[in-house]
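Biologist: I'd like to learn how to read pockets and cores. Can we go through them together?

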Amino acid sequence: MNINLSLQSEIPAYEQIKMQIKAQILSGELAPDAPLISIRQLARDLRVSVITTTRAYGDLEAEGLIYTIQGRGSFIKCKPETVRQQYLSAIDDALKTAVQKGMAAGLSLTGLQDRLEEIFHEQCH
């Protein structure tokens, strides 16, 4: 498992950890039942507090992506399709909100598409 944090990012460290673990599940790099590095070891490796890694693992467990066995550690629970489905659901929700706000601002479908393309290209660079 490889996690890289950006301390300059606006995204909190625990969220960066979650996103990267999800990406590794999605890519198949982390298979179901694969063990995760311990919370304490990950905190040491990333030079963050144990609270930060605990929050990331806790959120992943609440989302049904990992499970913890007391005294043994945390493990991958789901398959890549589960993560993909969660992402698609979140995208749908975000797009519905964007359409509602765009319509309230008087944007056409073309205007919304233009904004989406601008944001997409900003994120890619």
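Biologist: Which residues line the second largest pocket?

Modeller: First, the ground rules: this is a predicted model, where local features need pLDDT of at least 70, side-chain atom pairs count only at pLDDT 80 or more, and totals for chains, interfaces and linings use all residues. Residues are numbered from 1 along each chain as its sequence is written, and side-chain values use heavy atoms, leaving out hydrogens and water. A pocket, on a 1 Å grid over the protein atoms alone, is an open set of points where a 1.4 Å probe fits, with protein on both sides within 12 Å along at least five of seven lines; lining residues have an atom within 4 Å of a point. Here, I11, M19 and Q123 line the second largest pocket.

Biologist: What volume does the largest pocket have?

Modeller: About 410 Å³, counting the space filled by probe spheres set on the points, which are joined across faces, edges and corners. Of its 13 lining residues, L95, A98, L112, L116 and I119 are the closest to the centre. α5 gives the most to this lining, seven residues.

Biologist: And which residues have the most contacts inside the largest nonpolar core?

Modeller: In soluble globular proteins, nonpolar side chains tend to be buried together. A nonpolar core is a set of buried (under 20% relative accessible area, 1.4 Å probe, protein chains only) Ala, Val, Leu, Ile, Met, Phe, Trp, Tyr and Cys residues joined through side-chain atoms within 4.5 Å. The largest one here has 20 residues, with I17, I21, I25 and I76 having the most contacts inside it. Its largest share, four residues, comes from α1, a helix (a DSSP run of H or I, at least four residues, numbered from the N terminus).

Technical notes
Buried means under 20% relative accessible area, exposed over 50%, partly exposed in between (1.4 Å probe, protein chains only). Helices (H or I, at least four residues) and strands (E, at least two) are DSSP runs, numbered from the N terminus.
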